[in-house]
Amino acid sequence: MSDKITVPAIAARKQAGPKIAMLTAYDATVARLLDEGGADILLVGDSLGMVIQGLPNTLPVTVDEICYHGRAVARATRRAQVVGDMPFMSFQISPERALEAAGQMLKTGGFEAVKLEGGQSVAEHVRRIVAAGIPVMGHVGLTPQSVHAMGGFRVQGQREDAAARVLADAQALEDAGAYSIVLEGLPADLGRRITESVGVPTIGIGAGPHCDGQVLVCYDFLGMYRDIKPKFVKRFAELGDAVVEATKRYVAEVQGGAFPDAAHSFGMKSGPSDPTGAKAVVGQAPPAYGPARDES
Ligand code: KIV
């Protein structure tokens, strides 16, 4: 029986637990590892603009780019739910345009659901997408696609009037049919209040411990993205340091002649070549990709 995490299974976690553990992923190799580690949801976030493309913000990311990375992630993921982030200007213009873009993401990106930023102003867009049978995850609070309107990546909802607006945004998304809502960059107390006020799971990033789940950008949680370290990021590994260290050792071994040694080199074989190559394939499907193997 498949242990695939479905949309209804995520919705049920609000009551039944355990908390939802979501991470971003952008490629097959990392997605396979995060899936094996038990992540419940893999989000192909538009954060890829910053951590993959080296941009200062997420605004230039396109639907085609999200779908390209989505296909890679979906191909490698067995259990986790794969969600695609709707990029800036793919959904804001109208509910019709939003539905068209969401449909394209499910048809060509391998996604099981889409996520989009905004609250009351996009409630109709969410309603339209959900009515077409496409599950939608909302995203309120610090919405990075509004970086210029917010005056930077700033914590939201710290004053009562602003908190009331974020709460109303979350409620509007639930009313419109969103099956879960990301809460980003909010005071922990507001994260708790929203979580208690809506009937769908909240997934926090910098919104305190009371949410129904948490999400982190994989390059942050692995310690690989070191340009910015927001307060809410906890590094569960220091792979950035490990990569720099490994690169130094590699450079030294290449330059010193220690790599490649005999254990990492191929030998010659006696007799003529097999012109059909038949021996290499009999009884064995070729891997989708893999290391160079000795010719048999
Ligand atoms: O783009 C992204 O990675 C996100 C998550 C951080 C929630 O929106």
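User: Why is D40 called buried?

Analyst: D40 has a relative accessibility of 5%. Buried means under 20% relative accessible area, exposed means over 50%, and partly exposed is in between (1.4 Å probe, protein chains only). So D40 counts as buried.

This is a predicted model: local features need pLDDT of at least 70, side-chain atom pairs count only at pLDDT 80 or more, and totals for chains, interfaces and linings use all residues. Residues are numbered from 1 along each chain as its sequence is written, and side-chain values use heavy atoms, with hydrogens and water left out.

User: What makes R79 and D40 a salt bridge?

Analyst: Their closest N and O atoms are 3.2 Å apart. A salt bridge needs a side-chain nitrogen of Lys or Arg within 4 Å of a carboxyl oxygen of Asp or Glu. So R79 and D40 form one. The pair links distant parts of the chain, 39 residues apart. R79 sits in the loop between helix 4 (63-76) and strand 3, and D40 in the loop between helix 2 (28-36) and strand 2 (41-44). Helices (H or I, at least four residues) and strands (E, at least two) are DSSP runs, numbered from the N terminus.

User: Is R79 buried or partly exposed?

Analyst: R79 is at 22% relative accessibility, so it counts as partly exposed. By the salt-bridge rule, the count comes to 13.

User: How do you know that R193 is bridged to both E160 and D189?

Analyst: Look at the N to O distances. R193 meets E160 at 3.0 Å. R193 meets D189 at 3.5 Å. Both of these residues lie in helix 9, 4 residues apart, about one turn of the helix. E160, D189, R192, R193 and E196 are linked in a network of salt bridges.

User: Why is E160 called exposed, but D189 partly exposed?

Analyst: E160 has a relative accessible area of 54%, so it is exposed. D189 has 38%, so it is partly exposed.

User: How do you know how many disulfides there are?

Analyst: A disulfide is a pair of cysteine sulfur atoms within 2.5 Å. By this rule the count comes to 0. For C67, the nearest cysteine sulfur is that of C218, 18 Å away. C67 is buried, with a relative accessible area of 1%. C218 is buried as well, also at 1%.

User: What makes the span of helix 11 close to the expected one?

Analyst: Helix 11 has 18 residues and reaches 25 Å from its first C-alpha to its last. The expected span is 1.5 Å times one less than the number of residues. Just after helix 11, G257 takes a positive phi of about 85°.

User: How much of the whole protein counts as buried?

Analyst: Of its 296 residues, 45% count as buried. The protein has 12 helices and 8 strands.
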